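Please open the structure in your viewer and keep the selection tool at hand. The tour goes from one selection to the next, and at each stop it says what is there.

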Amino acid sequence: MPSVEVKTNVKVADKLTFLQALTDKGAEILKKPKEYMQIILEDEVPMTFAGTSDPTFCVNIFSRNSFSDLSNNTTMSKEFSCFIEEKLNIPPNRGYIFLKDPGEHRCGWNNKTFP
């Protein structure tokens with residue numbers, strides 16, 4: 001059930017290519033099937049970071065049972081940051097990545113919650 005939300009104040013020229021690339025990369029990083037990946041992109045959002053409107057990002061990653069290994073969280077944060085830097089040319093120190101586990105009974109899909 002991973003869902004990855006990317007908000008940025010830059011314009012993403014080829015949104016579909018970005019979404020497809022993040023679907024593949026997110027599935028790889030989170031070790032989840034691509035078929036369950038949801039990617040949300042909001043570009044050209046009015047945003048500031050550190051008091052400036054220089055390029056910035058915010059990434060929210062929701063995934064069940066993916067963030068219990070704290071040392072792996074650092075690796076995942078780095079891999080998502082590198083993706084953002086490569087695809088959007090925004091340095092890793094210009095945004096935040098939030099790793100969130102919604103829990104089994106607070107995540108709905110296909111008319112039910114996960115058991």
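In which helix is serine 81 found? Select serine 81 and you will see that it is found in helix H2, where helices (H or I, at least four residues) and strands (E, at least two) are DSSP runs, numbered from the N terminus. Before going on, note that this is a predicted model, in which local features need pLDDT of at least 70 and side-chain atom pairs count only at pLDDT 80 or more, while totals for chains, interfaces and linings use all residues. Residues are numbered from 1 along each chain as its sequence is written, and side-chain values use heavy atoms, with hydrogens and water left out.

With a relative accessibility of 9%, serine 81 counts as buried (buried means under 20% relative accessible area, exposed over 50%, and partly exposed in between, with a 1.4 Å probe and protein chains only). Not counting residues up to four places away in sequence, serine 81 touches Pro92 and Ile97, where contact means heavy atoms within 4.5 Å.

**The two helices**

Now select residues 15-30, which form helix H1, together with residues 70-88, which form helix H2; these two pack at an angle of about 165 degrees, with their axes 10 Å apart. The axes are lines fitted to C-alpha atoms, for helices over the stretch in contact, and angles run from 0 to 180 degrees between N-to-C directions. H1 and H2 are therefore roughly antiparallel to each other (angles under 35 degrees count as roughly parallel, over 145 as roughly antiparallel, 65 to 115 as roughly perpendicular and the rest as oblique). To see the contact itself, show the side chains of Phe18, Ala21, Leu22, Lys25, Gly26, Ile29 and Leu30 on H1, and of Met76, Glu79, Phe80, Phe83, Ile84, Lys87 and Leu88 on H2.

**The sheet**

Select E1 and E2, which pair in the parallel sense over 5 bridges, and find serine 3 opposite glutamine 38 in E2. Strand E3 (residues 57-62) runs parallel to E4 and is joined to E4 by 6 bridges, and asparagine 60 stands opposite phenylalanine 98 in E4.

Threonine 8 is found in strand E1, and at 0% relative accessibility threonine 8 counts as buried. Leaving aside neighbours within four places in sequence, the contacts of threonine 8 include Glu42, Asp43, Phe57 and Leu88.

**Two loop residues**

Finally, select lysine 31 in the loop between H1 and E2, where phi is near 55 degrees, a positive value in a residue other than glycine. Asparagine 89, in the loop between H2 and E4, also has a positive phi, of about 60 degrees, although it is not a glycine. Lysine 31 counts as exposed at 67% relative accessibility, and asparagine 89 is exposed with a relative accessible area of 64%.

Note on methods:
Pairing = 2+ DSSP bridges.
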